[in-house]
Amino acid sequence: LVLGLKKQHGWRRKLIASPIKYLVLVQLVIFFKTLAFGNIAFAFLAIFTFSAVILMFRSGPSQWLQDQQNFHMSVWSLAMVGVIFVIANGYQGAVDIYPITFIHGRLLGTTGNPLHAAVLLAATVPSIMFLIESQKQWGWVKVCWIIALVGVMYGLFLTGSRTGVIMGVVSILFFYRQKGGNMLYFGLFAAILLAVMLPLLGQDASISTTDSTDVASRFASTENTRAVVWSAMWKGFMNNVVFGVPLRGDRLGYGENSWLAAGASLGLVGLIPLLMFGVECIRMMLRLNQICTVKPIYSLQCNTVIAALISLMIGSIFEAFLLGNLTFALMALLMYLSLGQYLIEFYFREKKYVLWQKKFQQAILSNN
């Protein structure tokens, strides 16, 4: 916050993307319900924390996004989260694998559980892809980022999270959706990666997990581990449509689905703004896709944000991180939304400048 408030204002005027405003409404509903029926101190702590996060993004990253170099550095910062995570947990795994895999032998690293680790790693994939493709010539920088991508994907497999793997694969698919040739290379890359990693998952070595067979079997399993929780949340919503289920305890608890959790815990009062958040995210992705078509020079930047938002939207179906207030998944989402808002503003600013140039030239020609 201090660094953000010291930054001078630039040309941008809309520093908070429209979807974020609806997330703020959801948090206000959570605040008032917790304030009325739960722990008052926790209600204020949660809303102050979330407000500080939003203010930090407005005064910090959003304010700093003034040109393409700032965009590149913002994406680099997200990618470095994945790099640091892989390096730190790789070191821990070399010393003692148990502290980062004690939950059924699945990688959780420095996060709370394997799913959190998977979402963290998957959220960094679009940024790493951007940095790989931004290097036009082959060199040590591009090779390093490819190695980072391999490390992140390997970490995703070690989490044993099908959600995380789907998010990672979807990110790359949508990143390359306009390049059929690159999709072929990605398919080959994925096949080689699987051929290398699957045998490693069956080993009982320090680079694997304490119970590697459990991790490998999760990807072959067709068991729906969330059906019971989702069914309970749906019933809770249908029985308490307007305000959600009565609060029992100091704070609200959420199941493994952002949308059903909002419906069950907050009712239509909280679900409607969350649905509007989803609609605004879709609108942003459509506008970015339009920019890709009109200005192919910005396709790399736009595809990065589109791939990230789609990946995180898919992840929100299996994890309630949209209702959190201090998680990396939320931080990454806010960052990608800020990047998308910057691209849209930058495009329309450039478009206005081009139109102004044409009118100026026409005025000079008419005077002559």
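This is a predicted model: local features need pLDDT of at least 70, side-chain atom pairs count only at pLDDT 80 or more; totals for chains, interfaces and linings use all residues.
Is Ser171 buried or exposed? Its relative accessible area is 1%, and because a residue is called buried when that value is under 20%, Ser171 counts as buried.

What surrounds this residue can be described in two steps. Within the chain's own local stretch, a polar atom of the Ser171 side chain lies 2.9 Å from the backbone oxygen of Met167. If the neighbours within four places in sequence are left aside, Ser171 is in contact with Ala122, Val125, Pro126, Ala307 and Ser311.

The chain as a whole can now be brought into view. It contains 15 helices and 0 strands, and of its 368 residues, 47% are buried. Among the contacts between residues at least 6 apart in sequence, 77% join residues that are at least 24 apart. The chain exposes about 18,200 Å², and carbon and sulfur atoms supply 67% of that area.

One of the helices, α5, deserves a separate look. Helix α5 runs through residues 68-95, and because each residue is counted at 1.5 Å, its 28 residues should span 40 Å, which agrees with the 41 Å that separate its end C-alpha atoms. Which residues of α5 are buried? Among them are Phe71, Ser74, Val75 and Leu78, and also Ala79, Gly82, Val83, Phe85, Asn89 and Gly93.

Notes: Residues are numbered from 1 along each chain as its sequence is written. Side-chain values use heavy atoms; hydrogens and water are left out. Helices (H or I, at least four residues) and strands (E, at least two) are DSSP runs, numbered from the N terminus. Buried means under 20% relative accessible area, exposed over 50%, partly exposed in between (1.4 Å probe, protein chains only). Contact means heavy atoms within 4.5 Å. Accessible areas come from the Shrake-Rupley method with a 1.4 Å probe; for residues, only the protein chains shown count as cover. The expected span of a helix is 1.5 Å times one less than its number of residues. A polar contact is a pair of N or O atoms within 3.5 Å; within protein, one must be able to donate a hydrogen and the other to accept it, and residues adjacent in sequence count only if both atoms are side-chain atoms.
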